[in-house]
Amino acid sequence: MPRTQPLIEARQLGVRLGGETIIRNVNLSVFDGQIVTLIGPNGAGKSTLIKTLLGVHRVSEGQLTLAPSLTIGYMPQRISIDDSLPLSVYRLMTLTHRAARTAVIDALRLTDVPHLIDRPVQQLSGGEFQRVMLARALLKQPDVLVLDEPVQGVDFNGEVDLYRLIQRIRDERGCAILMVSHDLHLVMAATDEVVCLNGHVCCTGAPETITRQPEFTQLFGHKHADALAFYSHHHDHNHSLAEQGGHVHD
Amino acid sequence: MIEMLWPALLAGTGIALLAGPLGSFMVWRRMAYFGDTMAHSGLLGVTLAVVLNLNLTVGIALVTTALALLLFGLQRQRRLPSDTLLGILSHGSLAIGMLVLAFSESVRIDLSGLLFGDLLAVNRGDVLWVAAILVVALPVMAVIWRPLLAITVHEDLARAEGIATERIRIVYLILIALVIAVAMKIVGILLITALMIIPAAAARWLSKTPEQMALGASVLGVICVWAGLGGSWLTNAPSGPAIVVTAVIAFAVLLAVSQVRQRLANR
């Protein structure tokens, strides 16, 4: 798909839920092969925005355009499955999308957890569960992966690994990734574009430049901005983005 | 004399078969109280049937279905927690039903039979009702099985993956309403939810898949209905409590068995 055509494009998008305006005036584009990260404080409407793109919530105003026959793989915010429901990883993966065992194992292999296929979901650790859900989102061979707080409930080392894994998936499969994150530091390393949301889009840009924008500092404070500026500087010297085949859009 | 027991046995078997999968979802979706509320509204249905001179089952089915739809609509508001709402509707409809029955002097109804079940009240017509519901409900259940399971795991995820979540949930609620309507004569208003939940909970100890649990709940439910009705027949005990006590015993036994098995496995 040519770069000029976004896979997902929201223009002046607004969503009202139960009479309350959650987001408004949101412009957002996701291009092929791009990692876009949504950040913002609690209640900023990050999940609402994502769910609207997925068709869970209705668009109240503005426009939402998806590329024709776009397949989206979705990983929701950490979910808990009631202990009373006997469910194996295989069944969880194939709840709405029937797939052969071999296809499921292949998907689980992408996130390094093929051995978990027959495990009851309640017995998975936080990190294992998130990897299973990531594999689940990959099962449909999506053009876009939408990940809502993919590292929630994962310990710190696991977080770093998981972000690396997400980046590797983008590099190997070339799919676009739109993710929500709280975690400013780690996210900056593995993203092409940061969109900062607080009811509306208050700033957007490459991770190296966004921390210099006054709106960003206003929302996250100088401390974070400084830390991140330092981080991206440090990161430039590592050339890790370039090494892993990433690219930066402006 | 045993011929008199057949209608109750047949109807009870059909109800237990349906209660297996429906009750399993009630357990997974934490809807026990929801089921209770719908069952309690059944008394209002009895009242309606008596006042309008309708068939009892039809009257109950109308009220329980209406209540299911009302609850579905009310759950969208966020001002009151849903268990408070259920409490209001549950006890409210039970109380109204009782009052109307108490004041209508022309009507003589065996209240304890309604509340706790009376196997002798089950007639051939009731068996036909159960059969009819079974013929409709089992295929419907088979169709909504996978989508309802997806919704139970995560509603937004299911919706994002193309499932018409609201439609599926409404169909499920209506199935519960219908089963409650036909189950009332045998187990009684106060104990219907028990027949849905206890066999499912007992089957949990033995199951590795959702289907095993639902099927296990159906089988256990049938066994409990037969044992309970048999006991009720022999001892003259009310049929509802007899069935429920059997189910509770089955639950306790399976719990103990699974604990022992786990100990042995860990050794």
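Mentor: Let us take A:Thr48, which lies in helix 1 (residues 46-53) of chain A; helices are DSSP runs of H or I with at least four residues, numbered from the N terminus. This is a predicted model, in which local features need pLDDT of at least 70 and side-chain atom pairs count only at pLDDT 80 or more, while totals for chains, interfaces and linings use all residues. Residues are numbered from 1 along each chain as its sequence is written, chains are lettered from A in the order in which they are written, and side-chain values use heavy atoms, with hydrogens and water left out.

Trainee: Is A:Thr48 buried or exposed?

Mentor: Buried means under 20% relative accessible area and exposed over 50%, with partly exposed in between (1.4 Å probe, protein chains only). A:Thr48 has 11%, so this residue is buried. Beyond its neighbours within four places in sequence, A:Thr48 is in contact (heavy atoms within 4.5 Å) with A:Val15, A:Leu17, A:Ile22 and A:His57.

Trainee: How many residues does each chain bring to the contact between chain B and chain A?

Mentor: Chain A gives 25 residues and chain B gives 22. Buried area is the accessible area (1.4 Å probe) that two parts lose on being put together, summed over both. Here the two chains bury about 2200 Å², 56% of it on carbon and sulfur atoms.

Trainee: How many salt bridges does the rule find across the interface?

Mentor: A salt bridge requires a side-chain nitrogen of Lys or Arg within 4 Å of a carboxyl oxygen of Asp or Glu. The rule finds four between chain B and chain A; one salt bridge joins the side chains of B:Arg30 and A:Asp82 (2.5 Å, N to O).

Technical notes:
Helices (H or I, at least four residues) and strands (E, at least two) are DSSP runs, numbered from the N terminus.
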